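Biologist: I am new to this structure and would like to learn how to read it. Please take the features one at a time.

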Amino acid sequence: MSKTTYPKVSVLVVGGGSVGLLTAALLAHHGVPAVLVERRSGPSVHPRATGIGPRTVEFLRELGLDAAVDAAAVDLRGAAGKAVARTVVEMGAGDVTTVPMPAPSADELDTTPFRLRGVCAQDRLDAVLAADLARRGADPRWSTRLVGIAQDADGVDTELEGPEGRYSLRCARVVAADGTHSAVRTALGVGTSGAGDLGKSMINILFRADLRPHLRGMSFGTCTITTPDAPGLLATVDNETNWVFHIACDVDRGERPEDFTHERCVAVVRAAVGDPGLDVEVRSVLPWRPRSSVADRFAVGRVFLVGDAAHTVSPLGAFGLNTGAADAHNLAWKLAAVHHGEAGVGLLDTYAREREPVAAATLDQAMRRRADPELHWGRGPEADAARAAAGVWAAPVVHLGQRYESAAVVDPRPELPSTVDLAVALDGSPGSRVPHAWVDGVSTLDLVASRWTLLVGAAGDRWLAAAADTGLPAHRVSAPWLSDEGALLVRPDAIVATRVTAPGPDPARFLADVLDRLLARPVTVRST
């Protein structure tokens with residue numbers, strides 16, 4: 001029998017993977033106490049993804065975690081992004097084809113203030129996020145699963161099962177970050193659409209083996225192994241002794257995931273490396289299958305879907321984890337604004353309105369790359385022409401250039417001016433991520449600092465005075481996307497909420513009125 005307790009929790013986050021941990025960390029950052037529940041006994045030791053995109057790095061920077069994640073990343077500067085070889089032994093001997101790790105262009109370097117030095121395996125990212133939650137005094141409850149959920153007009157009742165048995169928890173709102181087969185999504189009756197399962201089932205083998213003698217100083221993100229004895233994909237965790245190897249499970253020929261015993265996985269790794277005597281420790285084996293699907297709704301009442309619970313993205317392009325991180329970032333400040341009484345509940349309606357189209361566009365871009373991986377990896381004029389013909393956007397635009405259209409943006413401009421040049425896409429239009437520019441050695445992104453911020457042009461004295469009257473932090477910026485007398489009002493998630501070219505007769509009142517509108521607050525009658 002369950003024990004009923006009703007301490008009202010502001011937000012319950014269901015799922016302790018990367019997106020759930022990031023959601024809880026962002027909520028804590030915004031001053032919202034949250035409970036996180038995860039059925040596993042702690043953060044996953046099995047990395048599912050390694051590519052942390054530039055926008056996600058900006059979120060980590062906002063939390064003060066960029067340096068810690070960079071330290072946990074593998075330094076791949078100047079290394080191969082991907083390689084193709086028969087075995088690791090033959091790769092180290094020089095019989096290998098490589099594609100360099102994509103180096104950001106000068107324009108791309110002008111779009112964001114910080115980049116990781118290489119790839120960071122998801123388990124390492126999760127360790128950093130979990131440690132941050134501990135420092136913030138958050139309430140993660142491991143070995144705890146959700147077994148029931150029901151909501152009414154005033155809150156959400158959840159039934160949880162943990163080490164001490166079952167108990168009930170009353171919550172103001174719930175964020176479901178519980179993965180592709182989300183129990184919360186199922187309980188809400190929300191369906192999914194999209195291509196569904198793609199290709200063969202895969203086995204992800206996490207193993208420890210010292211490959212340095214065979215690699216002879218070579219570094220790479222991933223390597224396609226072509227030996228008929230063990231064809232698959234080798235990915236680095238630390239580029240020394242920790243690796244993951246993906247190999248197909250041929251269900252059409254009667255194979256099952258459980259056929260990949262410890263002994264068989266050791267043999268597979270040895271064959272892929274090309275060393276029959278290699279000392280191999282298999283740490284974990286995870287069956288998985290590429291999938292492309294999106295939930296029919298990202299929000300139902302007081303419950304919100306994020307990450308794989310909302311969308312599962314085909315892996316090519318490294319868009320999956322990063323799209324989930326953007327969900328968390330979009331939602332957290334809105335939940336916080338409502339929690340603190342700074343916004344009306346209508347603001348929460350903009351989460352699904354903004355994130356659903358972006359997720360759909362990202363799934364589409366991942367699927368277009370799946371048809372021809374060179375559309376993602378190719379470089380040069382021929383590759384650019386092929387991408388244009390196939391409707392494939394440049395990867396930086398997918399990560400950083402997408403735009404929002406909702407009631408939390410005034411006069412949005414959802415159409416991208418360029419799907420090739422990120423600098424052109426980030427032009428200061430309402431709904432886009434505010435352009436990065438240095439202001440006395442500080443990025444405009446850092447100036448936003450998780451709060452509403454006004455950026456004003458060179459002749460913006462009246463705007464500065466109005467911001468002071470309104471209680472808004474404001475900064476003068478000299479940039480081509482901001483006229484001398486203009487201003488950009490930027491949301492706490494660094495999205496441009498509105499842009500004006502010159503102040504009107506009462507800029508302070510304008511700012512107060514537009515904030516009321518954007519935050520879905522009741523109309524305030526102000527004296528003239």
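Modeller: We begin with contact, which means heavy atoms within 4.5 Å. Helices (H or I, at least four residues) and strands (E, at least two) are DSSP runs, numbered from the N terminus. This is a predicted model, in which local features need pLDDT of at least 70, side-chain atom pairs count only at pLDDT 80 or more, and totals for chains, interfaces and linings use all residues. Residues are numbered from 1 along each chain as its sequence is written, and side-chain values use heavy atoms, with hydrogens and water left out.

Biologist: Which residues of H17 and H18 meet?

Modeller: On the H17 side they are Arg462, Trp463, Ala466, Ala467, Asp469 and Thr470; on the H18 side they are Pro507, Ala508, Phe510, Leu511, Ala512 and Leu515.

Biologist: At what angle do helix H17 and helix H18 pack?

Modeller: Two packed helices are described by the angle between their axes and the distance between the axes. Axes are lines fitted to C-alpha atoms, for helices over the stretch in contact, and angles run from 0 to 180 degrees between N-to-C directions. For H17 (residues 461–470) and H18 (residues 507–518) the angle is about 55° and the axes are 8 Å apart. Angles under 35 degrees count as roughly parallel, over 145 as roughly antiparallel, 65 to 115 as roughly perpendicular and the rest as oblique. H17 and H18 are therefore oblique to each other.

Biologist: Is the crossing of H17 and H18 left-handed or right-handed?

Modeller: A crossing is left-handed if the near helix is turned anticlockwise from the far one by less than a right angle, and right-handed if clockwise. H17 passes H18 in a right-handed crossing.

Biologist: How do H1 and H10 cross?

Modeller: The axes of H1 (residues 18–29) and H10 come within 9 Å, crossing at roughly 25°. That makes H1 roughly parallel to H10. The contact involves residues of H1 including Ser18, Leu22 and Leu26, and residues of H10 including Gly324, Ala328 and Leu335. This crossing of H10 by H1 is right-handed.

Biologist: How many residues of H10 are buried?

Modeller: Buried means under 20% relative accessible area, exposed over 50%, partly exposed in between (1.4 Å probe, protein chains only). In H10, 19 of the 20 residues are buried, so this helix is largely enclosed by the rest of the structure. After H10 comes Gly341, with a positive phi near 75°.

Biologist: How many residues has the largest nonpolar core?

Modeller: A nonpolar core is a set of buried Ala, Val, Leu, Ile, Met, Phe, Trp, Tyr and Cys residues joined through side-chain atoms within 4.5 Å. The largest one here has 101 residues, and Leu12 and Trp452 have the most contacts inside it. Its largest share, eleven residues, comes from H10 (residues 320–339). Another core lies apart from it, with 31 residues, among them Leu211 and Phe260.

Biologist: Where is Arg39 found?

Modeller: Arg39 sits in the loop between strand E3 (34–38) and helix H2 (54–62). With a relative accessible area of 70%, Arg39 is exposed. Beyond residues up to four places away in sequence, Arg39 touches Ser143, Thr144 and Arg145.

Biologist: What is phi of Asp411?

Modeller: Phi of Asp411 is near 55°, a positive value in a residue other than glycine. Asp411 belongs to the loop between helix H14 (395–401) and helix H15 (422–425). Asp411 counts as exposed, at 58% relative accessibility.
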